[in-house]
Amino acid sequence: MADVTATVRRVDTFAAPSLSFRPAVPVGPGRSILEPGAASRPDEGTVNDFPISRAKVTPPPVREETLARERLLGWLDSAVLRRVVYVVAEAGYGKTTLLADFDRRSRVRCLWYKLDEPDRDWLTFMHYLVAAAREAVPDFGASTAALLREASSGEPVRDAAVATLASELEQLAQPTVLILDDYHLVDDAPEIDRLVHRLVRTAPERLCFAFLTRRRPTLRLGRLHALDEVREIGRDELRFSREETARLFSEAYKQPLEPDIIDELEARTEGWAASLQLVRSGIQGRSAAEVRAFVRRLSGAEGRLYDYLAEEVVGELPPPTRRFLTRTAILERVTPELARAVLGVGAERPPTLHEMRALIQRCEELGLLSRRGESSRWSHRYHPLTRDFLLRRLDDELEPGSVRESHRAVAREAEPGSWSVAARHWLQAGEQAEAVATIERQIAAIAASGEYSLAADYLARAGLDSRSEVAAIVEARVDLYAGRGDRVRERLHAALRSPIPPSPTALQLLMSIATSLGDMTAAAAMAEILLKTDDLPEWQRLIAQATISMRDVALTGQLAPALAVMEEAAALHERERRWHLAAISRFNVAELDRISGQYRSAIANAQRSVDHFLRSGGDAAELGSAHALIGAAHAELDEFSESLYAFNQAQKHSKAAAYEFELILLQAEALVDMGRHEEGSAQADQAFDGLGAGAMESALALAATTGADIATKCWEFNIAHQRLKLHDASRPSTEFAGLAHQTLTSSRLALLTGDASAWDLARAAAELAGRQGAKHVQARAEILVAAAQGSAAGLADAIARAALIGPGALRSEAAAITSVIHLLHDLPPSLLASMERCPEAWRPHLRASLENPDRRLRLAAGRLLDRFGEYADVPRLRALARAPGTARGDRELGKGLARRTAPRVFIHDLGRMVIQVGERHIEATGIRRKVAALLGYLLTRPEFTATREQVLEAL
């Protein structure tokens, strides 16, 4: 019993408020097992009569509400096995708290040394190192202490003392972490740098040095890096994640917050521990409504957070650094060029870029500037709360006129590289006319980046007359993204009717709007006018040529020339970093690849389109459509999980109402072709409910093809007829090979409804698609031709050719194939493979064929359903087997399927006997005893059968 008690008492019970599922932590040497820390020992001590503050060498107290951050504690478990650990972040990110929590949980012994300015003296530093070690080993460092005593009398023994200390560190015996807290206070002291470098290099292997610092130490540790003996964690890792923030308030602070408040708190604080603690103190005892209001008003410009920033973060900085910080706070992104423009206002000597880079680097080292989310080495930003604080200081230090002049200087500097930065600062300077002029001058750059919504917002803030050419184009594009087709048509026609001819740039933008609207006749007409313009830039020429080719390939034009033009345009935009235009061009290349039957290439180009949209920084309205195109191409290759994932991404990244119809319809078609008819049909119906009377021409063209396809495959023939009437196939749209596709749709509908025109329509679709090079359409049309003709050889050949292009064509035409499946006495291997890979796609159509009056078709479908069906199909097949005229070989239909798919039967006979059939449980006491006994006996027999004599003998 005594041993048990001793074991229990060796657990650090004072860690209980934040204990996790990590192993129980024995109390380390030098720490009381009954009292927290070492409260019974005096706060002051001496080494060689040198005064020691024990607060500097004992673990800092850990608050009761400290949250156990398992991801960081787990990282430290591994990191402290190395020689050096850097924990680098500015004030308030929880460096000390993390190590203190690790100290009380880990089996590794931790020594503490919290540094101050006086510790820059090497003698003070050494005395405190000895004192820190004596917290674990009371008689540690006797030889070192003796040498330090001589050094205090003036003898030069520093090197000998360091060497002796390094050797005496062996006395620590067990794995140990020496934590040097606030090391940035001494990092630039040469004597300390040399001393620590030597200790790190010569210390025993089981000793780890953990540096807690606001900037990365300057120690030269190249050899240790090469040996993988250095680990580092920084501000980004120390930030509280959204999940950790939620846990902090619910588990540690006992004040759970609503999800929307957590989202707001994460956006405002970016996981900064100090600000979360200040929020906690500010919301204690408040109602939910008051908490929500407090978080939304959270700012670094007032209250306790302002005081904290003033005292801990900025207060001790040199005047040049403080001036840099306050002046550049007007910048959302701090670059050397923009900082130079700001600091140059009113300066006797304009600063150089070199000076700005040095200041930026210094502020980054201090943790005041961050590259989080920035792609450029010299693009930085402030934490939102820090920027609030700095802007408040700026208002206190400068007159409003000086601040406005700073904004003007930034706007002039920014315009060549970023129209949006320039326009924003012109507006902040109160120069609305200059903001409008910037947008007008930079409309081509706006188009290249796709930042129409941002431009529209700036124009609205500037109060621009909406009748101007630029405003009309920008607002038309915004209306287009919102799905307001009627308003887009009105703006487009008004611009074309204007007595003043549009500029080439405006004409190109209007052409782009007409293309997105689906009016390829108008778009191509504008493209032809644009091509007659003198000195037309190469990229605009290629866009015009691509637009004309899009009109042509919608009807009868060949895909290969159009693909070459699109590829050339995409490559040019990529070279010149017009990412939005590059994304659009790559999307068109991918769509041409898909229609050409080049599905792998379609996936690759669509993924490049996605990447370009993400790089563009603009509206990326077509991003969801690019993901949907990836999903459609994967479906053609029977890559179902990849397809569904891509469609989920399409829904997630859908940013414009104008393109939602397209991506929903593509997904619905893929679902129907996978056999998920109810889900796909319902999704398509939902898309059509939102189509509206003012739908764009591009949406109507898709409705008449893909929308009608979905209805036809789900046997909703009346709906398919209605959808086909929504678009005149002789009018060009943005759907490549649209005429061939709509002819294909009509032929399928005719075939399944028994219309005699099916063969003519299918042949026309196949011939047109073949001339265009649209193998995606051609493969399907050739299957329909053979099915309508009733040719067994033709059908087998068409199936084989379609499978070579992509197995999705077979599933897409499952209704047509199963309607004549009796013609195929020997099924093509590719057809059987398709049924094996995705039997769900074939079952609905095979079941439908069981209802056909033709007995040969019913039996052929029944044989396949017996092979690929489900348990629910057994009654249908047994009915077919028992039908009059069924041949002896088909009288077993359904039995094999029943054996393979019937639910398993289990008998539980421990206690009351229970018979389990699938998910159903039947208690034997609920049926007659002899029946239960007979059932139990038969379940034990081969083939579940027995003779009368065997039953009587057994029972």
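Q: How do β3 and β7 pair up?
A: β3 and β7 run parallel and are joined over four bridges. Two strands pair if DSSP finds at least two bridges between them. The names come from DSSP runs numbered from the N terminus: helices are H or I runs of at least four residues, and strands are E runs of at least two.

Q: And what kind of model am I looking at?
A: This is a predicted model, in which local features need pLDDT of at least 70 and side-chain atom pairs count only at pLDDT 80 or more, while totals for chains, interfaces and linings use all residues. Residues are numbered from 1 along each chain as its sequence is written, and side-chain values use heavy atoms, with hydrogens and water left out.

Q: Okay, back to the strands. Which residue in β7 is the bridge partner of Y86?
A: E232 in β7 is the bridge partner of Y86.

Q: What about β3 and β6, how many bridges there?
A: Five bridges join β3 to β6, and these two strands are parallel as well. V85, for instance, has A210 in β6 as its bridge partner.

Q: What's the strand order in the whole sheet?
A: The order is β4-β5-β6-β3-β7, an open sheet of five strands with parallel pairing. At the edges are β4 (109–114) and β7 (230–233), each pairing on one side only. Neighbouring strands are turned by 15 degrees against each other on average, direction ignored. For angles like that, axes are lines fitted to C-alpha atoms, for helices over the stretch in contact, and the angles run from 0 to 180 degrees between N-to-C directions.

Q: Is β3 buried or exposed?
A: Five of the five residues of β3 are buried, so β3 is largely enclosed by the rest of the structure. Buried means under 20% relative accessible area, exposed means over 50%, and partly exposed is in between, using a 1.4 Å probe and protein chains only.

Q: Which residues of β3 sit on which side?
A: V84, Y86 and V88 are on one side, V85 and V87 are on the other, and all are buried, which leaves both faces of β3 covered. As background, side chains in a regular strand alternate between the two faces of the sheet.

Q: Which helices lie on this sheet?
A: Helix α3 (residues 95–105) lies across β3 (84–88), β4, β5 and β6, at about 150 degrees to β4. Helix α4 (residues 122–134) also packs on the sheet, touching β4 and β5, and its direction makes about 150 degrees with that of β4. Contact here means heavy atoms within 4.5 Å.

Q: How many bridges between β5 and β6?
A: Six bridges, in the parallel sense, pair β5 (residues 176–181) with β6 (residues 207–213). Along that pairing, L178 stands opposite F209 in β6.

Q: What's T176 up to?
A: T176 lies in strand β5, and it counts as buried because its relative accessibility is 2%. The side chain of T176 reaches the backbone oxygen of Q174 at 2.8 Å. Leaving out residues up to four places away in sequence, T176 touches V108, R109, L111, R206, L207 and C208.

Q: How many bridges join β8 to β9?
A: Four bridges join β8 to β9 (residues 914–917), running antiparallel. In that pair, V905 stands opposite V917 in β9.

Q: And α35, which of its residues are buried?
A: H677, G680, S681, Q683, A684, A687 and F688 are buried in α35. They cover an arc of only 160 degrees around the axis, which puts them on the same side of α35. The arc is that of the directions from the helix axis to the C-beta atoms. On the other side of α35, E678, Q686 and D689 are exposed.

Q: What covers the buried residues of α35?
A: The cover includes α34 (657–673), α36 (697–713), α37 (717–724) and α45 (839–849).

Notes. A polar contact is a pair of N or O atoms within 3.5 Å; within protein, one must be able to donate a hydrogen and the other to accept it, and residues adjacent in sequence count only if both atoms are side-chain atoms.
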